[in-house]
Amino acid sequence: MTLVIAIDGPAAAGKGTLSRRIAEEYGFHHLDTGLTYRATAKALLDAGLPLDDEEVAEKTAREVELAGLDRSVLSAHAIGEAASKIAVMPAVRRALVEAQRAFSRKEPGTVLDGRDIGTVVCPDAAVKLYVTASPEVRARRRYDEIVAGGGIADYAAIFEDVKKRDERDMGRADSPLRPAEDAHLLDTSEMSIEAAFQAAKMLIDAALKEKI
Ligand code: C5P
């Protein structure tokens, strides 16, 4: 039986780093589902196709290859914005969720992170975590990341962006971002990534012990 760990939460809450560490710890496969939306958006942008045509976006979503997804080529701000626009389309979500579910069945286990993993993609996941942090902390982390990478960043603009993305992700009709009823909440506002990992590991070990 495959063990699935579902990790959801808003943008820049630290779920990417956390998910990768968890996957490494347990020897599980990891899928960052945000990349599937980003890859679809990038393919549309590169081909000069519209972002508001559901049929075209669905066809593009069905062509996305999960194997080659790489955040470094999909991290641009414009791609994130476009991704959250096409993510409101039910046909796009259906196509990507099918591929994500197929991935989730890989042996011996998988870690999927995103917005709707515990609620829609893998409602039967063995463990569900909802990772969050205040919008201020998330904007600060993104700002520090850009500056550390040698870039120039505007904190106020990033903060507005984080709030706008939250509104779009939490307010959409299809699969809005929200914790599953049986998710463990992990607020990382005042935690280092190491502390968040240790907290997550304790929750996962306890949940796995019950399942086995
Ligand atoms: O996580 P990331 O910022 O890369 O995701 C980009 C966008 O893709 C999100 O803002 C969200 O709108 C969408 N997304 C989603 N469901 C997921 C993962 C991402 O709707 N499971």
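**Entry 1: the ligand pocket**

I looked for the ligand's place first, and the space it takes is the largest pocket in this predicted model. For my notes, a pocket is defined on a 1 Å grid over the protein atoms alone, as an open set of points where a 1.4 Å probe fits, with protein on both sides within 12 Å along at least five of seven lines. A molecule sits in one if more than half of its atoms lie within 2 Å of its grid points.

Two reminders on the ground rules. Local features need pLDDT of at least 70 and side-chain atom pairs count only at pLDDT 80 or more, while totals for chains, interfaces and linings use all residues. Residues are numbered from 1 along each chain as its sequence is written, and side-chain values use heavy atoms, with hydrogens and water left out.

**Entry 2: the shell**

I found 15 residues around the ligand (a heavy atom within 4 Å). The closest are Arg38, Arg71, Arg93, Asp116 and Asp169. By class I get 8 charged, 4 polar and 3 nonpolar residues; Asp, Glu, Lys and Arg count as charged, Ala, Val, Leu, Ile, Met, Phe, Trp, Tyr, Cys and Pro as nonpolar, and the others, Gly among them, as polar.

Which elements give two or more residues to the shell? They are α2 (34-46), α5 (77-86) and α9 (155-171), and α2 gives the most, with 3 residues. Helices (H or I, at least four residues) and strands (E, at least two) are DSSP runs numbered from the N terminus. Domain 1 (1-28 + 110-204) and domain 2 (32-107) each supply at least three residues; the bounds come from an automatic or database assignment.

Ligand oxygen atoms lie 2.6 Å from a polar side-chain atom of Asp169, 2.8 Å from one of Arg93 and 2.9 Å from one of Arg115. The protein buries 97% of the 460 Å² that the ligand exposes alone (Shrake-Rupley, 1.4 Å probe).

I then went to Thr2, in the segment before β1 (3-8). A polar atom of its side chain lies 3.0 Å from the backbone oxygen of Arg105, and a 3.5 Å polar contact joins the side chains of Thr2 and Glu107. Glu107 is joined to Pro108 by a cis peptide bond, with omega about -5°.

Technical notes. A polar contact is a pair of N or O atoms within 3.5 Å; within protein, one must be able to donate a hydrogen and the other to accept it, and residues adjacent in sequence count only if both atoms are side-chain atoms. On a 1 Å grid over the protein atoms alone, a cavity is a set of points where a 1.4 Å probe fits but cannot get out, and a pocket is an open set with protein on both sides within 12 Å along at least five of seven lines; lining residues have an atom within 4 Å of a point.
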